[in-house]
Amino acid sequence: MSDAVELIGQVLGNACLDASMARAILETALEREVDPLHYCATVLGVSDAALMERAAAWIGLAFYPKVPSHLEGQLQPLRLEALRDVRLVRLKVLDRDVAFCAPDFLGLLRLKAALRQHPELARYLCLVPERSLRSYLVRGAGRALIDSARQNLSRRWPRAAAQLELTAGARSAFVLGVVMLVALVLMAPYVSQLYLLPFAILMLVVPALVRIAALAVTPHEAPQSSERGNDADLPVYSVLIPLRDEAAMVPQLAEAMTALNYPPDKLDIIFVVEASSTTTVEAVQAQLHHPQFSLVAVPDAAPRTKPKALDFALMSRRMPISACGWRDCITRWKPSISAPLKKLPHSWAPGWLSARVG
């Protein structure tokens, strides 16, 4: 039996009946071009902590459920662009440096081979769940990530930042509009009501007519597509959901995300929550039993805006393509509406979905 098949059998435990079943699961994951560990977590329902703990026992290494935050160490690399690729942190434990790592499937096989050659390496290695490692990295690089998130907009689109001064034409138009508004208010008692009637109609009647017309429109259900296609050809997406003080919406969001008609092993769903919103953070943590869900807590720092929070989260994610949705639209998603994801990036979904290619 090969090490790869043996590792699959080990991490699945009693759920794997024999070597042929383990081999079939491994071949399916490789055919879909996803990491076999990620496939076991998202499709077969094994938690990332259980996966890494069983893998550590198979290799012969220590396991810890989270990276100790009280130990001294240095976060590497210093370049934030490479933070998403980090799978190891080195910390000082008593008299020696210990590497806390969350390797992928191929990395585990390499570790096993290395320990056969150098068994003494076991004293300096400890496996942790990938989710715990990501949380540690975000906390350790939090200040730098916040600074980068603040500067991303002005760096990428320097003429689109709100911090820029208004042009002379824009300032003149604003002043002229204010002067005209004040003049109308001052003239109102002396001007015949006949002249003011058109303005009243525009402000009151027209919005009412628009709402009445909207009631007459028959809503159209999204077409139910039964075509699934080949899941192996679909890309992997990170779906970022920014939240602040919206704990009541989290269960609905979780239900909508799990109902998406998209392969779960191809989705990385991240709740991006302001750390100051403790109730929302707790509500998201209660949903983290779903393997494809993760939480990024954004440190409390101005400006408290969705663009800053999303930029903060994107720097730490490893997926090349990300989709961002607003919570008031996401809660109305239906399984069939996930079809646009299968067409990205050739046909961007309008309105409720925006995408960023890293």
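A: Two strands are said to pair if DSSP finds at least two bridges between them. Helices (H or I, at least four residues) and strands (E, at least two) are DSSP runs, numbered from the N terminus. This is a predicted model, where local features need pLDDT of at least 70, side-chain atom pairs count only at pLDDT 80 or more, and totals for chains, interfaces and linings use all residues. Residues are numbered from 1 along each chain as its sequence is written, and side-chain values use heavy atoms, with hydrogens and water left out.

Q: Great. In which sense do S4 and S5 pair, parallel or antiparallel?
A: Parallel: S4 and strand S5 (residues 125–127) are joined over three bridges. In that pairing, phenylalanine 100 stands opposite cysteine 126 in S5.

Q: And how many bridges link S3 to S4?
A: Six, with strand S3 (residues 88–93) and strand S4 (residues 96–101) running in the antiparallel sense. Leucine 88 faces cysteine 101 in S4, and arginine 90 faces alanine 99 in S4.

Q: What's in the turn between S3 and S4?
A: S3 and S4 form a hairpin with two residues between them, and leucine 94 in that turn has a positive phi of about 55°.

Q: What do S4, H5 and S5 make?
A: A right-handed β-α-β unit. Right-handed here means that, with the strands pointing away from the viewer, the path from the first strand over the helix to the second runs clockwise.

Q: Okay, helices now. At what angle do H1 and H5 pack?
A: Helix H1 (residues 3–12) and helix H5 (residues 105–117) pack at about 110°, with their axes 11 Å apart. Axes are lines fitted to C-alpha atoms, for helices over the stretch in contact, and angles run from 0 to 180 degrees between N-to-C directions. That makes H1 roughly perpendicular to H5; angles under 35 degrees count as roughly parallel, over 145 as roughly antiparallel, 65 to 115 as roughly perpendicular and the rest as oblique.

Q: Which residues of H1 and H5 make the contact?
A: Asp3, Ala4, Leu7 and Ile8 of H1 meet Phe105, Leu108, Leu109, Lys112 and Arg116 of H5 (contact means heavy atoms within 4.5 Å).

Q: How about H1 and H2, how do their axes cross?
A: The axes of H1 and helix H2 (residues 19–31) come within 8 Å and cross at roughly 100°. H1 and H2 are therefore roughly perpendicular to each other. Ala4, Val5, Ile8, Gly9 and Leu12 of H1 touch Ala19, Ala22, Arg23, Ile25 and Leu26 of H2.
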